Amino acid sequence: MAQRVDIDSHKIIEVYSPATLEKIGEVAVNTPSEVGAAAARARQAFRVWSSLDIKQRSEIMLTARDSFVSRREELIELICAENGKPRLEALVEITYVCDIITFYAKQARRFLSPQRVTPHLLRNKKVTVHYQPRGVIGMITPWNFPIAIPSWKTLPALVAGNAIVFKPATDTPTLGQRYVELLVEAGLPSGVVNIVHGGGGKVGEALVRHPDVRVISLTGSRETGVAVLKAAADGLKHVHLELGGKNAIIVLDDADLDLAVEGIVWSAFGTSGQRCTAASRIIVQRGVYDELQSKLVSAAEGLRLGVGWEEDTDVGPVINQSALEKIDSYTQIGKDEGAKLLTGGEVASNDGLEKGFYYRPTIFGDVEPGMRIAQEEIFGPTTALIPVDSFDEAIKAGNGVKYGLSSSIFTRDVNKAFRAMRDLDTGITYINAGTIGAEVHLPFGGTKDTGNGHREAGQAALDVFTEWKSIYVDYSGRLQKAQIDTAE
Ligand code: NAD
């Protein structure tokens with residue numbers, strides 16, 4: 001299987017469906033000098049693209065939206081085949097992509113209007129603050145949302161007037177390719193969005209280090225984030241990092257347990273647990289621990305594993321062999337640590353599932369907050385039940401990991417809900433809902449090791465892709481030297 005192994009030594013990435021192991025395509029790996037050529041093309045195109053007015057840029061984006069709508073079925077099928085998600089999740093992803101495009105295309109004028117037109121200290125002077133595009137953006141993305149994550153980055157970058165060199169993950173390169181083709185077909189001037197293929201070590205690093213690339217926007221693991229930050233340091237680049245998570249759902253004694261079970265099942269096992277926001281820790285107050293555990297195990301055992309394009313599939317495969325092995329190794333780690341395996345904990349290899357990378361939804365009970373299965377990102381369908389005595393202990397356990405992406409609490413006590421909103425140290429908090437999901441107009445990202453303080457989506461994304469420029473207009477017609485006097 002030529003996926004996720006050392007792609008850097010390959011000339012071709014062969015793409016196999018994680019659902020069936022059938023070969024579904026291939027793309028050529030680019031050389032570092034081809035990455036340089038793509039960056040140079042983007043630098044040229046930036047001049048043209050940034051000189052268009054916002055309305056022209058937005059109209060091209062809206063044309064692209066129409067292409068995504070009309071190619072929806074094709075894209076859904078490709079997501080099911082290449083990424084492995086169930087059809088419903090693929091549909092949600094494409095719908096979300098269309099929403100992202102509409103949002104940025106329609107809000108661009110408002111977002112990019114001069115900000116803070118303020119009076120100057122002197123009478124005949126005005127001061128405004130403008131957004132300026134930054135130039136060439138290097139975008140590096142993972143495979144778990146192969147079109148939505150690129151869209152999160154592309155749309156705000158493009159409407160602001162930047163050009164892009166995009167490196168998709170090596171597990172989903174044909175989706176990346178198709179994504180760029182649809183943008184180009186919509187009328188983007190040549191060179192505004194460029195795609196390069198290859199592994200992180202060679203092609204990714206060449207992109208990060210290229211002097212024409214001013215901004216790197218990466219979504220990936222913590223380890224990759226650190227490597228990218230180091231590689232970008234010499235060039236003093238702007239680096240936007242969206243990294244891992246170890247998200248917790250807290251269930252208090254007064255919670256609606258059926259609602260909690262529903263939220264946990266989809267947060268832990270949706271997308272086979274391969275979401276940065278997946279709930280891999282369930283912190284449960286002891287009064288409802290046994291009941292929640294038995295409801296949850298029975299719900300997990302009722303999930304149907306299968307290929308994404310079959311309507312009754314709840315959980316698809318994981319992305320590749322090494323992911324399957326990593327997930328399975330954490331089952332052993334959990335057992336060795338003394339946690340109680342309640343269900344799952346094995347590769348699914350019957351009824352045709354042996355032809356793909358399927359792992360049974362896995363739940364551990366009696367997990368201590370410090371255990372590795374409760375601390376490290378597994379990125380698979382494994383979750384850990386952690387019993388606690390009180391609300392305070394739950395918040396402490398919730399915050400006791402290095403990541404800070406998403407959190408959730410199920411409770412009917414409004415005071416505890418508000419305290420949790422304040423005290424959970426994550427970028428996103430849900431009350432009486434699971435940990436997954438995102439709305440395009442809200443900032444998305446996390447605290448601590450989940451990133452470096454930037455956010456995707458909403459107006460916040462513009463902070464990554466634009467510079468502030470302060471402009472002073474003096475209409476007094478004479479040199480005003482009295483600023484100091486006035487300040488005094
Ligand atoms: P990964 O870090 O292995 O790879 C992400 C991308 O970085 C890929 O395109 C890869 O080729 C590239 N890359 C790897 N090493 C590089 C290097 N040294 N220089 C430049 N590029 C490099 O992550 P993955 O396995 O594809 O995705 C899973 C990870 O992504 C998880 O940790 C998950 O939590 C995280 N994630 C975060 C978010 C978020 O918004 N916070 C969203 C989705 C996924």
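## Residue classes

Ala, Val, Leu, Ile, Met, Phe, Trp, Tyr, Cys and Pro count here as nonpolar, Asp, Glu, Lys and Arg as charged, and the others, Gly among them, as polar. This is a predicted model: local features need pLDDT of at least 70, side-chain atom pairs count only at pLDDT 80 or more, and totals for chains, interfaces and linings use all residues. Residues are numbered from 1 along each chain as its sequence is written, and side-chain values use heavy atoms, without hydrogens or water.

## Two cavities

There are two cavities of 30 Å³ or more. A cavity is a set of points on a 1 Å grid over the protein atoms alone where a 1.4 Å probe fits but cannot get out; lining residues have an atom within 4 Å of a point. Points join across faces, edges and corners, and a volume is the space filled by probe spheres set on them.

The largest cavity has a volume of about 90 Å³. Its lining holds 18 residues, with Ala 248, Arg 281, Gly 398, Ser 406 and Thr 426 closest to the centre. Strand E10 (247–251), helix H12 (391–399), strand E15 (403–404) and strand E16 (406–410) each give two or more residues to this lining. Helices (H or I, at least four residues) and strands (E, at least two) are DSSP runs, numbered from the N terminus. By class, the lining of the largest cavity has six nonpolar, eight polar and four charged residues.

The second largest cavity holds about 70 Å³ of space. It is lined by 13 residues; Gly 273, Ala 278, Ser 280, Glu 377 and Phe 379 are the closest to its centre. Four of the lining residues of the second largest cavity are nonpolar, six polar and three charged.

## A pocket between domains

A pocket is an open set of points, with protein on both sides within 12 Å along at least five of seven lines. The second largest pocket contains about 690 Å³ of space. Its lining has 35 residues, and Glu 89, Val 92, Phe 145, Thr 271 and Arg 275 lie nearest the centre. Helix H4 (87–112) and helix H5 (148–159) each supply at least two of the lining residues. H4 makes the largest contribution, seven residues. The lining of this pocket divides into 16 nonpolar, eight polar and 11 charged residues.

Where does the second largest pocket lie? It lies between domain 1 (2–243 + 459–472) and domain 2 (247–431), because both give residues to its lining. The domain bounds come from an automatic or database assignment.

## Around the ligand

The ligand has 28 residues around it, with Thr 141, Lys 167, Thr 224, Leu 243 and Glu 377 nearest (a heavy atom within 4 Å counts as near). Helix H7 (200–209), strand E8 (213–219) and helix H8 (222–233) each supply at least two residues of this shell. Domain 1 and domain 2 each give the shell at least three residues. The shell splits into 13 nonpolar, 10 polar and five charged residues.

Ligand oxygen atoms lie 2.8 Å from a polar backbone atom of Thr 141 and 3.3 Å from a polar backbone atom of Gly 220. At Thr 224, an N or O atom of the side chain is 2.6 Å from a ligand oxygen. Such polar contacts are pairs of N or O atoms within 3.5 Å.

Conventions
Polar contact = N/O pair within 3.5 Å; in protein donor to acceptor, adjacent residues only side chain to side chain.
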